Every structure is written in C-alpha cells, then in structure tokens.
Amino acid sequence: MVEEGTIQGYISASTFSDLYYIIRRDKGRDWTLDFLRQLATFCQVATVDNAVISMALTSTFKDFEDAIQYSSAIVNQIDAIVTRNPRDFPVTAPRIVTPDRLIQELTNSP
C-alpha cells in the first residue's frame, strides 16, 4: 500500500542498519543493499537524532530498540506504529497496530 501511494510509510533511520544485519546473514550483502535501496524509494526515513535518543533514554520501555521506534514516531509526528508485537508498546499515542490489522482497516476487510 505504501508502494502504491495509498498511505505514506516511514521507517526509522536506525531500522535500516537493523534490517541490514538481519537480512544480510541469509541473503548476502548485495541482495540486502538492493532491498534497502528499494525500500528507501517508497518509504520516508524517520529521523533518529539527539531528541529521539534523549526521549528513548528517559522512557520506561523495557526494550531500548522499541523506545527508539516510539520516540522516533513521536518526534517525527507519525500517526501509527505498525508492529508484530503491539504489547511491546504500552502507549495510546501514536496508534499501535499489527500489519494484519492495518491491512484490514485499509481494505475494509473484516
């Protein structure tokens, strides 16, 4: 849906390095860099700067990576965080939705 322009997608800057190290183990360096280049063509990069890190460091999140994702969403004024683990985000704003739920909402599927 992001690729078609139905919604605007963001990915935090720190997620690019996380994805690189995770995917590279299985797919190799060249394939992974090609994938990340494609991802960067249709997703906006949400800034991870001093304000994001400062917020994450003072948050009560159990997982620091989740704290960075949340703080990046707040600083970049993003409407929702899409995650497979919504329980990891004990917040009411921004909205926390699973990929399946987002697809249901956008396609008006039950």
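Tutor: Start with accessibility: a residue is buried under 20% relative accessible area, exposed over 50% and partly exposed in between (1.4 Å probe, protein chains only). Arg95, at 41%, counts as partly exposed.

Student: What kind of model is this?

Tutor: It is a predicted model: local features need pLDDT of at least 70, side-chain atom pairs count only at pLDDT 80 or more, and totals for chains, interfaces and linings use all residues. Residues are numbered from 1 along each chain as its sequence is written, and side-chain values use heavy atoms, leaving out hydrogens and water.

Student: How many helices and strands does the protein chain have?

Tutor: Both are DSSP runs, numbered from the N terminus: helices are H or I with at least four residues, strands are E with at least two. The protein chain has 5 helices and 4 strands. Along the sequence they read β-α-α-β-α-α-β-β-α.

Student: How many residues does helix α1 have, and what reach?

Tutor: The expected span of a helix is 1.5 Å times one less than its number of residues. Helix α1 covers residues 13-27, 15 residues in all. From first C-alpha to last it reaches 21 Å, close to the expected 21 Å. Gly28 follows α1, with a positive phi near 90 degrees.

Student: Which residues of α1 are buried?

Tutor: Thr15, Phe16, Tyr20 and Ile23 are. Their cover includes β1 (9-12), α2 (29-42), β2 (43-46) and α4.

Student: Which residues make up the largest nonpolar core?

Tutor: The general idea: in soluble globular proteins, nonpolar side chains tend to be buried together. A nonpolar core is a set of buried Ala, Val, Leu, Ile, Met, Phe, Trp, Tyr and Cys residues joined through side-chain atoms within 4.5 Å. Here the largest has 11 residues: Ala46, Val52, Ala56, Phe61, Ala67, Ile68, Tyr70, Ala73, Ile78, Ile81 and Phe89. The elements giving two or more residues are α3 (50-57) and α4 (64-75). Helix α4 gives the most, with 4. Apart from this core lies another, of 6 residues, including Ile11, Phe16, Leu36 and Cys43.

Student: What is Ala56 in contact with, leaving aside neighbours within four places in sequence?

Tutor: Contact means heavy atoms within 4.5 Å. Ala56 is in contact with Phe64, Ala67, Ile68 and Ser71, those neighbours aside.

Student: How many salt bridges does the count come to?

Tutor: A salt bridge is a side-chain nitrogen of Lys or Arg within 4 Å of a carboxyl oxygen of Asp or Glu. The count comes to 4. One of them joins Arg29 and Asp30, with the closest N and O atoms 3.6 Å apart. Asp30 is exposed, at 55%.

Student: Which residues are linked in a network of salt bridges?

Tutor: Arg95, Arg101 and Glu105 are. Between Arg95 and Glu105, the closest N and O atoms are 2.8 Å apart. Arg95 lies in strand β4 (residues 95-97) and Glu105 in helix α5 (residues 99-107), so this pair ties together parts 10 residues apart in sequence. Between Arg101 and Glu105, the closest N and O atoms are 3.2 Å apart. These two sit 4 residues apart in helix α5, about one helical turn. Glu105 is partly exposed, at 28%, and Arg101 is partly exposed too, at 42%.
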